[in-house]
Amino acid sequence: MSRLGPRTGAWLLAMLLLATLPAWIGNSYYVNIASQILIWAVLALALNLLVGYAGLTSLGHAGLFAIGGYAAAMLLGAGYGHFVAAVLALLVTLLASAVFAVLALRATGIGFLMITLAMGQILWGIAYRWASLTNGDNGITVASRPAPFGLSLSQAPAFYYATLIVFLLALASMAVFVRSPFGASLTGTRDQARRMTALGYNVWLIRFLTILCSGFWSGVAGLLFLYYNQFISPQVVALTTSAEALLMVISGGSGTLLGPIFGAAIVVVMKNVVSAYIERWNLVLGVIFILIISFMPEGLVPGSVRLWRSGWHALRGKSAPVSAAGSEASR
């Protein structure tokens with residue numbers, strides 16, 4: 001039997017820790033924090049498809065995130081069941097993502113950023129002002145969580161495991177997505193859009209389909225957020241949410257699968273744990289972000305790998321002459 005490589009061993013260890021987390025944490029509060037990290041990690045991974053692999057920075061993803069939650073909340077309020085409400089909410093999110101893509105792909109770079117920002121603000125205005133539809137600043141409350149296969153998700157560990165399953169599905173699907181031939185063509189549009197067009201690729205269609213995929217998983221994250229809080233309000237659609245999601249991607253490392261997950265963990269822990277001890281936690285988060293950008297401009301995960309490899313090569317470089325001298329002395 002062949003020995004496991006370090007990467008495979010690390011993945012197996014991570015899966016073991018995630019699977020046993022409620023047992024070794026024990027406290028329901030921290031189990032809920034872990035659920036929040038997974039929810040925001042799904043949103044960050046969805047945004048990373050655009051930022052890291054398509055080279056399109058969006059500041060309007062909070063709108064797609066909120067559409068999934070709002071649509072499900074309205075459908076549940078209208079008397080639909082959880083399954084039907086979730087499916088229809090994701091279809092609405094896909095439709096909104098298509099509109100989002102058609103409008104935003106009229107430009108790239110700063111133009112794309114500004115169009116997505118404008119659309120996000122329009123959705124925030126609708127959520128805040130159209131009180132007859134969204135209940136305005138009072139938000140919409142959901143009475144219960146779903147019970148798939150008869151299993152109640154009312155307790156923190158049960159909801160954590162349901163969120164973990166969705167998170168793993170999202171991570172696996174995005175891993176397949178970015179490593180497929182389509183993913184290779186997507187990175188090609190990021191690096192050399194004109195050359196890809198000259199080679200016969202439809203750059204607009206590739207980006208359009210990527211936005212649909214990103215929007216779908218943003219809607220899934222919105223559904224998880226709705227069921228976690230059993231409440232949704234215009235605050236979810238605010239620019240702050242889009243900025244935090246972008247911060248998760250950039251700080252963790254865009255263009256990687258692990259980076260947005262670690263970025264989500266940093267932001268959620270700062271907001272929910274550190275803020276209980278430090279009043280100016282925003283300042284601490286800003287300092288952390290500046291340090292990451294200064295010393296690891298590629299992001300926390302790629303930067304840590306780079307520093308580890310540099311240290312390992314330096315250590316091997318120093319140990320090589322010692323071993324050579326030792327072999328000479330032993331002759």
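Residues are numbered from 1 along each chain as its sequence is written. Because the model is predicted, local features need pLDDT of at least 70 and side-chain atom pairs count only at pLDDT 80 or more, while totals for chains, interfaces and linings use all residues, and side-chain values use heavy atoms, without hydrogens and water.

Select Trp40, Phe167, Met174 and Trp217, which touch the most other members of the largest nonpolar core, a set of 92 residues; such a core consists of buried Ala, Val, Leu, Ile, Met, Phe, Trp, Tyr and Cys residues joined through side-chain atoms within 4.5 Å, where buried means under 20% relative accessible area with a 1.4 Å probe, protein chains only. Helix H3 (residues 28-54) gives the most to this core, with 19 residues, helices being DSSP runs of H or I of at least four residues, numbered from the N terminus.

Next, centre on Trp217: apart from residues up to four places away in sequence, Trp217 touches Val42, Ala46, Val166, Leu169, Ala170, Ser173 and Met174, contact meaning heavy atoms within 4.5 Å.

Move to Thr241 in helix H12, which counts as buried at 7% relative accessibility. Leaving aside neighbours within four places in sequence, Thr241 is in contact with Trp40, Ala62, Phe65, Gln235 and Val236.

Finally, display H12 (residues 239-252) with H13 (residues 259-272). The residues making their contact include Leu247 and Met248 of H12 and Ala264 and Val267 of H13.

Conventions. Buried < 20%, exposed > 50% of the residue type's maximum accessible area, 1.4 Å probe, protein only. Helix = DSSP H or I, 4+ residues; strand = E, 2+ residues; numbered from the N terminus. Axes fitted to C-alpha atoms, helices over the stretch in contact; angles between N-to-C directions.
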